[in-house]
Amino acid sequence: MLFIDAPLLRRVRSGEMRATAHLVSDVSVDELHAFVEGLGGTRRGFHDKPGQPHYDLIEPWIGKAIAAGARPVARREIVLALRRLAARSDAPPKTD
């Protein structure tokens, strides 16, 4: 599932202040990339911080992500989603 938090005013690459939100997946980084690509975005806003893979989105991308199914949540839920993702990534491969 994909989650997006409420936008906060932050300085972006251009140096200007913009409202930005974090987009995360609790399933996989591949799901996250596919979702953004499905919106017509690129990986430019992707941050591959250890344990915190996420996209920083600005408008109109925030609205597009919500319209496409990203669930708006509080920042605390973003942290929990990242923990679930990390737990999945650390899990040993299934054997049948």
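## Arginine 11 and strand 2

Arginine 11 belongs to strand 2 of this predicted model. With a relative accessibility of 60%, arginine 11 counts as exposed, because the cut-off for that class is over 50%. Leaving aside neighbours within four places in sequence, arginine 11 is in contact with Glu16 and Met17. Leucine 82 lies 71 residues from arginine 11 along the chain, and the C-alpha atoms of the two are separated by 23 Å.

## Threonine 20 in strand 3

Strand 3 covers residues 17-25 and contains threonine 20. The relative accessibility of threonine 20 is 4%, so this residue counts as buried, a class that ends under 20%.

## Histidine 54 and the aromatic pair

Histidine 54 is placed in strand 5. Its relative accessibility is 7%, and histidine 54 therefore counts as buried. Apart from residues up to four places away in sequence, histidine 54 touches His22, Leu23, Val24, Leu32, Gly45, Phe46, His47 and Lys49. Valine 27 is 27 residues from histidine 54 along the chain, with 12 Å between their C-alpha atoms.

The structure holds 1 aromatic pair. Its members are phenylalanine 46 and tyrosine 55, with ring centres 5.1 Å apart and an angle of 50° between the planes, an arrangement classed as tilted. Phenylalanine 46 counts as buried at 18% relative accessibility, and tyrosine 55 counts as buried at 1%. Phenylalanine 46 is also one of the residues that histidine 54 touches.

## The largest pocket

The volume of the largest pocket is about 580 Å³. Its lining consists of 20 residues, and those closest to the pocket centre are Arg44, Gly45, Asp56, Leu57 and Ile58. Two or more lining residues come from each of strand 2 (8-11), strand 3 and strand 5 (52-58). Strand 5 gives the largest share, 4 residues. By type, the lining divides into 7 nonpolar, 6 polar and 7 charged residues.

## Prolines in two loops

Proline 50 is found in the loop that links strand 4 (46-49) to strand 5. Its relative accessible area is 79%, which means that proline 50 is exposed. Glutamate 31 is 19 residues from proline 50 in sequence, and the C-alpha to C-alpha distance between them is 17 Å.

Proline 60 sits in the loop between strand 5 and helix 2 (61-67). The peptide bond that joins glutamate 59 to proline 60 is cis, with omega at about 10°. Most peptide bonds are trans.

## Lysine 64 over tryptophan 61

Lysine 64 lies over the face of tryptophan 61. The distance from the ring centre is 4.0 Å.

Notes. Residues numbered from 1 in each chain as written. Predicted model: local features only at pLDDT ≥ 70, side-chain atom pairs only at ≥ 80, totals over all residues. Heavy atoms only, no water. Buried < 20%, exposed > 50% of the residue type's maximum accessible area, 1.4 Å probe, protein only. 1 Å grid on protein atoms, 1.4 Å probe; cavity = no way out; pocket = protein on both sides within 12 Å on 5 of 7 lines; lining within 4 Å. Points joined across faces, edges and corners; volume = space filled by probe spheres on them. Nonpolar A, V, L, I, M, F, W, Y, C, P; charged D, E, K, R; others polar. Phe/Tyr/Trp six-rings, centres within 6.5 Å; stacked < 30°, edge-to-face > 60°. Lys NZ or Arg CZ within 6 Å of the ring centre and 35° of its normal. Contact = heavy atoms within 4.5 Å.
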